[in-house]
Amino acid sequence: MSKSVAKIKTTSKDIFADELKKFSQIFPQFISEGKVDFDALQAFLADKDALADEKDKYTFTWAGKKQSFQAISRPSHATLNPKIDESVDFDNTQNLFIEGDNLEVLKLLQKHYHSKIKMIYIDPPYNTGKDFIYKDNFTEGKSDYFERIGATENGIQLESNSDAGGRYHSQWLSMMYPRLFLAKQLLKDDGVIFISIDDNEQHHLKMLMNEVFG
């Protein structure tokens, strides 16, 4: 590859558009003008006695879960910048090392690696109160981002998720959910995922895994 190829600009895969397409192929009667007709769908499910009672149904939720879904659907317009001079046999290697925010990278990988990954291993923050948790907002400028999280002259000071905060577990769950969701989209049907965790969030992680992976 020529060294003149310095950057690769891309937009992440629209996962929800793909899922909507699958849904419309199975239930075309519930699609109206390219959108889900929830009234028709609800009427159909109610007739089949398949709707859960709002008061009695089991739910696993937390403060910020809605924003987790928004983080998944928000497209990434990141730029991949190949480091040719730092690579070994750049033109022929089959290995790829990407350094960057893992949520953005997971989105960018969807286009070429969707349902193609055999194994994933992650070692997320254990949420001990000393882990650094950063918030997901890729629509703002860098200067706004640095100001919001508290930049210093020597680097970026990320926010610590202290157990004194009222959203101690919620912040961790909101960070993990979109990443697990996107990781699942990359796995093959017989693919596996391994996660390192300790007792602080082990039970919450199990509940997340049950919801995302079934």
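This section describes helix packing and aromatic pairs in a predicted model. Local features need pLDDT of at least 70 and side-chain atom pairs count only at pLDDT 80 or more, while totals for chains, interfaces and linings use all residues. Residues are numbered from 1 along each chain as its sequence is written, and side-chain values use heavy atoms, with hydrogens and water left out.

Helices (H or I, at least four residues) and strands (E, at least two) are DSSP runs, numbered from the N terminus. Axes are lines fitted to C-alpha atoms, for helices over the stretch in contact; angles run from 0 to 180 degrees between N-to-C directions. Helix α3 (residues 65-73) packs on helix α6 (residues 168-186) at an angle of about 40°. Their axes lie 9 Å apart. The two helices are therefore oblique to each other; angles under 35 degrees count as roughly parallel, over 145 as roughly antiparallel, 65 to 115 as roughly perpendicular and the rest as oblique. The crossing is right-handed (near helix turned clockwise from the far one; left-handed if anticlockwise by less than a right angle). On the α3 side, Lys 65, Ser 68, Phe 69, Ala 71 and Ile 72 make the contact (heavy atoms within 4.5 Å). Their partners in α6 are Ser 174, Tyr 177, Pro 178, Phe 181 and Leu 182. By class, seven residues are nonpolar, two polar and one charged (Ala, Val, Leu, Ile, Met, Phe, Trp, Tyr, Cys and Pro count as nonpolar, Asp, Glu, Lys and Arg as charged, the others, Gly among them, as polar).

Helix α4 (residues 102-113) also meets α6. Here the axes come within 9 Å and cross at roughly 20°. α4 is thus roughly parallel to α6. This crossing is left-handed. Residues of α4 in the contact include Leu 103, Leu 106 and Tyr 113; those of α6 include Pro 178, Arg 179 and Leu 182. The contact has eight nonpolar, three polar and two charged residues.

The whole structure holds seven aromatic pairs (ring centres of Phe, Tyr and Trp, its six-membered ring, within 6.5 Å; planes under 30 degrees apart are stacked, over 60 edge-to-face, the rest tilted). Phe 30 and Phe 44 form a tilted pair, 5.2 Å centre to centre with 55° between the planes. Phe 30 lies in the loop between α1 (15-26) and β2 (31-32) and Phe 44 in helix α2 (residues 38-47), so the pair ties together parts 14 residues apart in sequence. Phe 30 is buried, at 4% relative accessible area, whereas Phe 44 is partly exposed, at 33% (buried under 20%, exposed over 50%, partly exposed in between; 1.4 Å probe, protein chains only). Phe 23, Phe 27, Phe 30 and Phe 44 form one aromatic cluster.
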